[in-house]
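Hello,

Here is the structure I promised to pass on to you. Have a look at it first, and then read my notes below.

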Amino acid sequence: MLLERLQSAFGLTDLVHDWVQSFLTDRTQQIAYSGQLSSVQSALFEVPQGSVLGLLLYVLYTAELALVVDRHGLSLHQYADDTQVYISTPAGDAEAVV
């Protein structure tokens, strides 16, 4: 989905699209715990944690979220990889809870 969004929403095609695809595919992971290593496993759906491109790819992937939230009359707050969607109302319009 990320690759599709990069192409349709941001126009990444050809060489740039192929480069990002090669960055995201055919990745593996291994866990070290108490001095022992796990076997190497394929990482099918992952942006490498701590990578220079990770945050940028996340921002591009979620860019349309603000438009969807706004279209429904809600508010959005994003910071790094945390997103909060909320609605607010003046205190005078809120019903008292007894």
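**Where the loops stand out**

Ser34 sits in the loop that runs between β2 (32-33) and β3 (36-37). Please keep in mind that this is a predicted model. I began with Ser34 for its backbone: its phi is near 50°, which is a positive value in a residue other than glycine. Most residues other than glycine have a negative phi. Is Ser34 buried or exposed? Ser34 counts as exposed because its relative accessibility is 61%, and the cut-off for that word is over 50%.

Asp26 is another residue to look at. You will find Asp26 in the loop between α2 (14-24) and β1 (27-29). Asp26 is not a glycine, yet its phi is positive, at about 55°. With a relative accessibility of 79%, Asp26 counts as exposed.

Next, please turn to strands β5 (residues 75-79) and β6 (residues 82-86). In which sense do β5 and β6 pair? They pair in the antiparallel sense, over five bridges.

**The chain as a whole**

Stepping back, how many helices and strands does the protein have? Its secondary structure comes to four helices and six strands. Along the sequence, these elements follow the pattern α-α-β-β-β-β-α-α-β-β.

What about the overall dimensions? The C-alpha trace spans about 60 × 45 × 20 Å along the principal axes of the protein. The radius of gyration is 20 Å, whereas a compact globule of 98 residues would have one near 13 Å.

Of the 98 residues, 15% count as buried. Among contacts between residues at least 6 apart in sequence, 28% join residues that are at least 24 apart. The accessible surface of the protein comes to about 8200 Å², and carbon and sulfur atoms account for 56% of that surface.

Do write back with any questions.

Best wishes

Definitions and conventions:
Residues numbered from 1 in each chain as written. Predicted model: local features only at pLDDT ≥ 70, side-chain atom pairs only at ≥ 80, totals over all residues. Heavy atoms only, no water. Helix = DSSP H or I, 4+ residues; strand = E, 2+ residues; numbered from the N terminus. Rg over C-alpha atoms; globule rule 2.2 N^0.38 Å. Buried < 20%, exposed > 50% of the residue type's maximum accessible area, 1.4 Å probe, protein only. Contact = heavy atoms within 4.5 Å. Areas by Shrake-Rupley, 256 points an atom, 1.4 Å probe, with all protein chains shown as cover. Pairing = 2+ DSSP bridges.
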